[in-house]
Amino acid sequence: MAHDPKKFDENSKNEQLEQFRSDDSGKDLTTNQGLKLSEDEFSLKAGERGPTLMEDFHFREKMTHFDHERIPERVVHARGFAAHGEFEAYESLEHLTKAKFLSKKGKKTPVFVRFSTVAGSRGSAETVRDARGFSTKFYTEEGNYDLVGNNIPVFFIQDAIKFPDLVHAIKPEPHNEIPQAATAHDTFWDFVANNQESAHMVMWTMSDRAIPRSLRTMDGFGVHAFRFVNAEGKSHFVKFNWKSTLGVHSLVWDEAQKINGKNPDFHRADLHEAIESGDYPEYELGVQIVPEEDEHKFDFDLLDATKMWPQEEIPIHIVGKMTLNRNVDNVFAEAEQVAFHPGHVVPGIDFSNDPLLQGRLFSYTDTQLIRLGGPNFHELPINRAVCPFHNNQRDGYGRQTINKGKVSYQKSSFTNHTPAPVSEADGGYVHYQEKVEGRKVRKRSDSFKDHFSQATMFWNSMSDAEQQHIIEAFSFELGKCDSIDIRQQVVDMYANVNLKLAQEIADNIGVKAPETGNTDTSKKSPALSQENTVKSAKTRKVGVIVAPDFNGKEVMEVLDQLKSKGLQYEIISEKQGKLDAGNGKQLKIDHTFTTADPVLFDAIYAVGGPDVSKKFARNAAYYVTEAFGHFKPIGATHEGKKWLDANGYTGEPGVVTGDSMKGFADSFIDAIAAHRHWNREV
Ligand code: HDE
């Protein structure tokens, strides 16, 4: 499948990558120079027990390559995972933007998406409390467009010059490199207390949004105001939103921490498995549009990245859908070597003067130079544009292109002044001609000074359970700070967001409760609550506990129902192997009690069997108790009901029992769609 650069469709990137793929299995072993080798287990020695010889080029090549296998990890977002897919436009946005990938209903563009945590290093666990990176590379016919976003719509700081300080404060403390991938330590909260513009983003990171159930159940945001520019040169401000079609769903904190031990790869495994089994993750693209003339109509500054655009005020218009439908072949070559940059734009998309965005426009290329070892990273297969690219840039480490001819400068009569710039009408990128004037100052606009109103709006918009989780998250994080002074400063700061919030945290962490706060907004954005998200049981994973001689006929009926409604299940028992499921069928046991854990499932279905040992019963009771404590749906039929009764769980919200298999399956699936049952006494 050779890539034809003149042809463009959703397969263009895959076809281009094909020429770089290599399948080594079944082939002769050679050196990198192509020399066939006769031996690969013994180095060349002077005598069987003698020293290894310098002339052993095979040993030297193999070892040298190995010695140089690692590249620097990303300074932030080091831990990431990625997948390929396609974006389909639902309609033409030509009235707003020239961008061709948005120009026609039904138009498809190949994409590559990398999800990441922010703070942890490359080997860190995945269900930590953190923002998630959500970066999309659109391989368009006009060049690569990168939408480098997060799963939280605002950011900690307003000006890029503070980014190194923020990251130094979040990362493990330098004197002992503790803690890994966590903000629960002095330096982060010291930064927060001394940089109160972080108040809003910290509300999000203390909320359930920062512990997603899956990379498939979170939204994405471009964060900054960008510009759309149409063919007439008219500009609109735009914010980009990705909306998961499965809704936004989270873990609970105790569960998240346990998963980090039981399966530190939980999120990547979930994404990989979903794609392998055809449950393709989907995210709709939504845009919020503000005409230039309305720039100053809001009670926040559009250029301030610590502010979101409440969708009740500025509606989200859904314009397309991204489907992730192909796993990477090689994580290093694709997920690790991919280089995103908010400055990779196409005609019709431009920047705003958001000072955070302006700084990012410098940082991303700069960081690739060290991470990917020089200026030719655009030639790496995953980064290559699918459209042709030509200029007079030459040489550098790892250069692959063989540029022909003697001319590598403009202007030259030898090449008739080519490669030559093209007019705007022919697709040449022209920056939006915004009029700017002002004095050179190191200052921030007064319109950026309200740090608390939207943090309060976020708090006001949460359900009771979500508010409780925020209080618990603050109490955990601040409770881990050694400095009582820092704890007090943060609590005093959050009295400006909500007095009850600050007082309850204070009470939990042993500092003085503030008596007055400074909150005067009752504004809400109901869309911010996860209670109002899409609820679906599709792709949820149920852990099914069965014992020998279980009622195979009836239970298989339930399992078939789960499958037919798009759920997944895995079978857990004392030993691996197979169990007789009646009617001549056998049920494969996927896990023992120890190779799985209740935290790895969305719901538990307890079936049991007529004759289980005490140990079996204790293990099953542990599964049920953990699931109950994490507010998960629990279903029980047959002997499995015993483990509910024994714990007093029968009849509690989200706990489903039944004798008719059909009725049971329906109610259990409904309980699973609700995700969690907060109104449970735990
Ligand atoms: Fe980044 N950020 N960032 N960032 N960021 C990087 O680039 C930076 C910011 C985001 O999967 C780095 O290639 C500065 C906001 C994602 O490869 C680096 C500032 C948002 C990723 C960098 C920000 C992001 C990065 C590190 C403040 C959400 C992972 C490695 C002005 C809109 C991309 C790299 C991937 C990565 C700089 C703030 C998202 C150092 C200076 C706001 C998703 O260039």
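Two strands pair if DSSP finds at least two bridges between them. Helices (H or I, at least four residues) and strands (E, at least two) are DSSP runs, numbered from the N terminus. The structure is a predicted model, in which local features need pLDDT of at least 70, side-chain atom pairs count only at pLDDT 80 or more, and totals for chains, interfaces and linings use all residues. Residue numbers start from 1 along each chain as its sequence is written.

**Strand β11 and its partners**

- Strand β11 (residues 541-546) runs parallel to strand β12 (residues 568-573), and five bridges join them.
- Within β12, Q568 is the bridge partner of K541.
- From β11 the chain passes through helix α14 (residues 552-564) to β12, a β-α-β crossover that is right-handed; with the strands pointing away from the viewer, the path from the first strand over the helix to the second runs clockwise.
- Strand β16 (residues 603-608) is also parallel to β11, to which five bridges join it.
- Within β16, Y605 is the bridge partner of V544.
- Five of the six residues of β11 are buried (20 or more other C-beta atoms within 10 Å of the residue's own, with C-beta atoms placed from the backbone).

**Ligand shell**

- Around the ligand there are 24 residues, of which R74, H77, G133, A160 and V223 come nearest; a residue counts as near if its C-beta atom, placed from the backbone, lies within 6 Å.
- Two or more shell residues come from each of β2 (108-117), β3 (132-140), β4 (143-150) and α9 (355-371).
- Helix α9 gives the most to this shell, with six residues.
- The shell comprises 11 nonpolar, 10 polar and three charged residues; Asp, Glu, Lys and Arg count as charged, Ala, Val, Leu, Ile, Met, Phe, Trp, Tyr, Cys and Pro as nonpolar, and the others, Gly among them, as polar.

Notes. Buried ≥ 20, exposed ≤ 12 C-beta atoms within 10 Å, placed from the backbone.
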